[in-house]
Amino acid sequence: ITAPYDVIVVMPDAANGCYADWYNEGAGGPPMWETYHIAQLLPWVDAHFRTTATREGRAIAGLSTGGLGVMGYAERHPDDFVAAAAFSGALNLDSGIMLALVDLAPVGVGDLPAAIYGTRLQQQLNWEFHNPLSMAPNLRGMRLWAYTGNGQPGPLDDDLAYAVFGAVLETFIHAMNVSFHDQMVSLGIPMTYIDYGPGTHTWPYWQRDLEQVLPGLMQAFADPPSPPDPVSLKSDLPDYGAYGWRVQMTRPAAEFSELSNAGADGFLLSGSGSAVIHTPSNYAPGEAVNVVLTGSTGTVSRQSLSADSAGQLSIPVSLGPGNVAQEYSPGATTNVYQVQVAIQQP
């Protein structure tokens with residue numbers, strides 16, 4: 001306990017549920033692990049303990065499938081956490097072993113195969129939405145760590161049978177972490193990546209990882225990084241947002257859209273159909289601005305808008321004809337349109 005706040009460590013488990021609200025053949029939850037952890041458990045903790053109930057007072061860490069949960073929650077709720085750390089995390093759902101494990105996990109608790117995300121063939125969009133590799137752009141502005149061994153027996157392996165099983169798993173996990181790290185490098189998002197060489201998918205390594213990362217997590221609380229500026233957000237939801245931005249999409253079928261380089265001077269929106277973008281309170285109430293929208297074909301339109309009483313703008317954006325089939329679905333032809341929006345003083 002550190003006055004005036006409690007340092008609360010909450011360790012929820014949802015490994016067989018992949019830390020997700022289940023698809024259940026389109027019917028939805030239960031189980032609804034993500035709703036429970038993010039919308040119920042976190043508010044309960046903040047209501048019952050002396051916590052900092054903002055991103056600056058929260059970090060998330062986990063091991064193995066918990067690493068999938070760590071980066072997934074951080075990506076889908078980026079303004080809830082200031083730091084995230086994965087130990088031997090399953091950070092790439094495109095891995096063959098993860099395709100099999102995720103499909104079969106529900107069977108272990110008496111449910112149908114593929115109940116978590118749906119079948120990969122028909123619901124790849126849902127898989128990608130829960131894939132840390134695909135959603136990595138949303139991690140900007142956090143302190144991040146990923147630890148992995150390479151699957152070879154290491155200095156902490158003292159149980160031969162356990163180590164052999166852990167060696168096989170960590171070999172696959174290592175490949176996932178390499179792919180995730182390469183993605184972060186390509187996106188220019190800083191991350192502390194610890195590839196410690198020989199080490200298996202076993203508890204002694206995860207205990208060491210936690211001991212090593214704790215000072216960094218505490219430093220993130222003491223000196224939290226500022227929210228990203230500009231903001232970039234990616235989602236397949238029709239209504240999403242973070243850091244004061246909100247994107248409301250109108251389109252015939254589910255697909256990814258992306259808000260990029262969003263700041264007081266404008267943003268780039270990618271997707272199809274139409275949208276309304278609500279800005280943070282960057283302006284004086286009633287302030288008049290000119291909004292210039294430039295489409296992919298060079299088409300330019302102009303609007304005159306005024307900030308509301310909270311200093312926010314609501315900007316309608318027409319992207320292009322909405323795609324009629326869900327992204328990644330068999331036979332889908334997904335057209336992606338972009339509109340650059342400039343916000344100018346009159």
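Select residues 288-295 and 337-344: these are strands β11 and β14, paired in the antiparallel sense over six bridges. Two strands count as paired if DSSP finds at least two bridges between them. Strands are DSSP runs of E with at least two residues, numbered from the N terminus. Within this pair, pick Leu293, which stands opposite Val341 in β14.

The model is predicted, so local features need pLDDT of at least 70 and side-chain atom pairs count only at pLDDT 80 or more, while totals for chains, interfaces and linings use all residues. Residues are numbered from 1 along each chain as its sequence is written, and side-chain values use heavy atoms, with hydrogens and water left out.

Now turn to charged side chains. Side chains of opposite charge can pair when their charged atoms come close. How many salt bridges does a search of the whole structure find? The search finds seven, each defined as a side-chain nitrogen of Lys or Arg within 4 Å of a carboxyl oxygen of Asp or Glu.

Select Arg55 and Glu56, whose side chains meet in a salt bridge at 3.6 Å, N to O. Is Arg55 buried or exposed? Arg55 counts as buried because its relative accessibility is 5%, whereas Glu56, at 30%, counts as partly exposed. Buried means under 20% relative accessible area, exposed over 50%, and partly exposed in between, with a 1.4 Å probe and protein chains only.

Move to Glu128 and Arg120, which form a salt bridge at 3.2 Å, N to O.

Then select Arg246 and Asp239, where the salt bridge spans 2.6 Å, N to O. Arg246 has 39% relative accessibility and therefore counts as partly exposed; Asp239, at 34%, also counts as partly exposed.

For the last stop, show Asp46, Arg58 and Asp80 together: salt bridges that share partners join these residues into one network.

Key. Helices (H or I, at least four residues) and strands (E, at least two) are DSSP runs, numbered from the N terminus.
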